[in-house]
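Have a go at each task before reading its solution.

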Amino acid sequence: MTKYDVSAIVEGYAQGYFLMADETGENLSWYSCGDRAFIPLDERFHYPKSLQRVLNSNRFTVAINRDFKAVVAGCANRKTTWISPQLQEIYWLLYQSGYAYSFETWQGDELAGGILGIAIGGAFIGESMFYRLPEASKVAMVKLVERLRDRHFVFFDAQIMNPHLARFGAYTVSEKEYRSLLRLAWNSSCSFA
C-alpha cells in the first residue's frame, strides 16, 4: 500500500496544478501559474543553427525510460532544487503507473542528459531537464518535440517561461486558454511510449 494516491495526483495535474517542494525540501505543495509556457509543436518551434550540426553528427542517441531514476536524480542535482526526495518518490510512483517518463540522450553507454515529464492523454507536462554533456538536453528537446508531433499530442507544457525555452520558440498561454486546452488534451488518446 502506497502513501500516495496516484489518481489524486493525476487529478491535480488535470486541474492545471503541478507539484513543487519549497527550498527546504520539507513542504510539498500544489502550484499553478497565471500564464503557462508552451513549447510549440508546430512551425513556431525552432532552435539555434549551431544545434543542427550536433543533430547531424548523430553524437547522441535517444531513449525513453532507459534510466528513469538517473534522470530524476540529474534533474534534482542542483544547488537549490524543488525536486525533494518526497517528490522523487511520487515521480517513481507515476512512472510505475505509466504517467511519468524520462526522455533521454545518451552518448554510448553514458547518460548525457534528459527531460522528465508527465504524459496524460494528449498533454505532455515537462517537469524538469538536465544535462551532463553540452548540448545533450537541447538534443533531447528537439527529439522530444518530434515525438510529440508524431504522436499527435495537443501540447507540450513547460510550465514557467525562461530565456532558455524562448530560444526554442516557447510562448505563453493564459490560464483560461490553458484550461480549455487541458480539457481537449485529457480527452485525447495519445500514447507517449
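A charge sits over a ring if NZ of Lys or CZ of Arg is within 6 Å of the ring centre and within 35 degrees of the ring normal. A quick word on the ground rules: this is a predicted model, where local features need pLDDT of at least 70 and side-chain atom pairs count only at pLDDT 80 or more, while totals for chains, interfaces and linings use all residues. Residues are numbered from 1 along each chain as its sequence is written, and side-chain values use heavy atoms, with hydrogens and water left out.

**Exercise 1. Charges over rings**

Task: find what lies over the face of tryptophan 106, and what sits over the ring of tyrosine 17.

Solution. 
- Step 1: go to tryptophan 106, and you'll find arginine 66 over its face, 3.6 Å from the ring centre.
- Step 2: at tyrosine 17, look for the charged end of arginine 179, which is 5.7 Å from the centre of the ring.

**Exercise 2. Rings around phenylalanine 192**

Task: classify the ring pairs that phenylalanine 192 makes with tyrosine 101 and with phenylalanine 153.

Solution. 
- Step 1: Rings of Phe, Tyr and Trp (its six-membered ring) pair if their centres lie within 6.5 Å; planes under 30 degrees apart are stacked, over 60 edge-to-face, and the rest tilted. That gives 15 aromatic pairs.
- Step 2: take tyrosine 101 and phenylalanine 192. Their ring centres are 4.8 Å apart and the planes meet at 50°, so call this pair tilted.
- Step 3: Tyrosine 101 is in strand 5 (residues 100-107) and phenylalanine 192 in the segment after helix 7 (175-186), so the pair ties together parts 91 residues apart in sequence.
- Step 4: now phenylalanine 153 with phenylalanine 192. Here the centres are 6.2 Å apart and the planes at 90°, so the pair is edge-to-face.
- Step 5: phenylalanine 153 belongs to the loop between helix 5 (136-150) and strand 8 (155-159), so this pair links parts 39 residues apart in sequence.
- Step 6: check burial (buried is under 20% relative accessible area, exposed over 50%, partly exposed in between, with a 1.4 Å probe and protein chains only). Phenylalanine 192 is buried at 2%, phenylalanine 153 is buried at 7%, and tyrosine 101 is buried too.
- Step 7: zoom out. One aromatic cluster takes in Tyr101, Phe103, Phe124, Phe153, Phe156 and Phe192.

**Exercise 3. Arginine 36 and its strand**

Task: work out where arginine 36 lies, whether it is buried or exposed, and what its side chain reaches.

Solution. 
- Step 1: arginine 36 lies in strand 3 (residues 36-39).
- Step 2: with a relative accessible area of 1%, arginine 36 is buried.
- Step 3: its side chain reaches the backbone oxygen of glycine 16 at 2.7 Å, a polar contact (N or O atoms within 3.5 Å; within protein, one must be able to donate a hydrogen and the other to accept it, and residues adjacent in sequence count only if both atoms are side-chain atoms). Glycine 16 follows helix 1 (residues 6-14) and has a positive phi, near 95°.
- Step 4: list its contacts (heavy atoms within 4.5 Å). Leaving out residues up to four places away in sequence, arginine 36 touches several residues, including Phe18, Asp157 and Tyr178.
- Step 5: follow the strand. Arg36 and Phe38 point one way, Ala37 and Ile39 the other, and all are buried.

Definitions and conventions. Helix = DSSP H or I, 4+ residues; strand = E, 2+ residues; numbered from the N terminus.
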